[in-house]
Amino acid sequence: VMTWETDNPLAGERSVSVECASKDQRGSWDLRVPLAPGPWVFQGWYRTRDLQADPNKGVDARVTLVDADGRTIREFHAHGEPSETWKQTTVRFEAPAQTAAAHVYLFNFFAAGKVWWDDVHLGADTQRIAEIEEETRVNAEALEHARGILESTTDGVIQLAQRAGDSDDWKLLLAALEWALDDAKLAIDAGLGTQALATLKDIED
């Protein structure tokens, strides 16, 4: 049974509910919204009554990403434990490049009892966006630093090779250093500044 409720909403005047008579039933409210690629966060408030739910059943907000043709790309779930008082559930996710829209389903998923939903939000994950911006800044600085020390690190390996003996241990060491230099150069070419700088510092050490 799916109902608009006026009794004890979290915010505003109404909430929505889904009541199932047995664990063989399920029901959901759903909404389709346009969605661009990038980091997103879903948050929703729920409460329950007499809910008898197995793990990952009952309280389940499912976010299904689809492409322009309506094909499912990925699904994400925000689950919750039974709670007689309002409680929030959250899921953070990255929408891939082909994402065109999201279907948000507010379930009572195969559990006897009742689930209410209210104050549901799907928005940009500003925390993750800030993290990405910081990672981008750090990577750019590391890339510039790596380019700056690549030549001197390469010269150091060449000089070591000129002084090295003919033992197998030296040969293995030089082979490992040359491989690491190649890896650092590839990382620089790919724009992977933090990886390139870490590799070059390992060589210097």
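Which residues touch the most other members of the largest nonpolar core? The legends below start with that core.

The model is predicted, with local features requiring pLDDT of at least 70 and side-chain atom pairs pLDDT 80 or more, while totals for chains, interfaces and linings use all residues. Residues are numbered from 1 along each chain as its sequence is written, and side-chain values use heavy atoms, without hydrogens and water.

**View 1. The largest nonpolar core has 24 residues.** Leu35, Phe42, Leu65, Phe93, Leu106 and Trp117 touch the most other members. At least two core residues come from each of several strands, including β4 (38-52), β7 (87-95) and β9 (112-124). A nonpolar core is a set of buried Ala, Val, Leu, Ile, Met, Phe, Trp, Tyr and Cys residues joined through side-chain atoms within 4.5 Å; buried means under 20% relative accessible area (1.4 Å probe, protein chains only). Strands are DSSP runs (E, at least two residues), numbered from the N terminus.

**View 2. Surroundings of Leu106.** Beyond residues up to four places away in sequence, Leu106 touches Val16, Trp29, Phe42 and Trp117, among others; contact means heavy atoms within 4.5 Å.

**View 3. An open sheet of four strands runs in the order β3-β8-β5-β6.** Its pairing is antiparallel, where two strands pair if DSSP finds at least two bridges between them. The edge strands, β3 (27-34) and β6, each pair on one side only. Eight bridges join β3 to β8, and Trp29 stands opposite Leu106 in β8.

**View 4. Strand β2 and its partners.** Five of the six residues of β2 are buried. Strand β1 (residues 2-5) pairs with β2 over four antiparallel bridges, with Trp4 opposite Val16. β2 also pairs with β9, antiparallel, over five bridges; Cys20 has Gly113 in β9 as its bridge partner.

Terms used: Buried means under 20% relative accessible area, exposed over 50%, partly exposed in between (1.4 Å probe, protein chains only).
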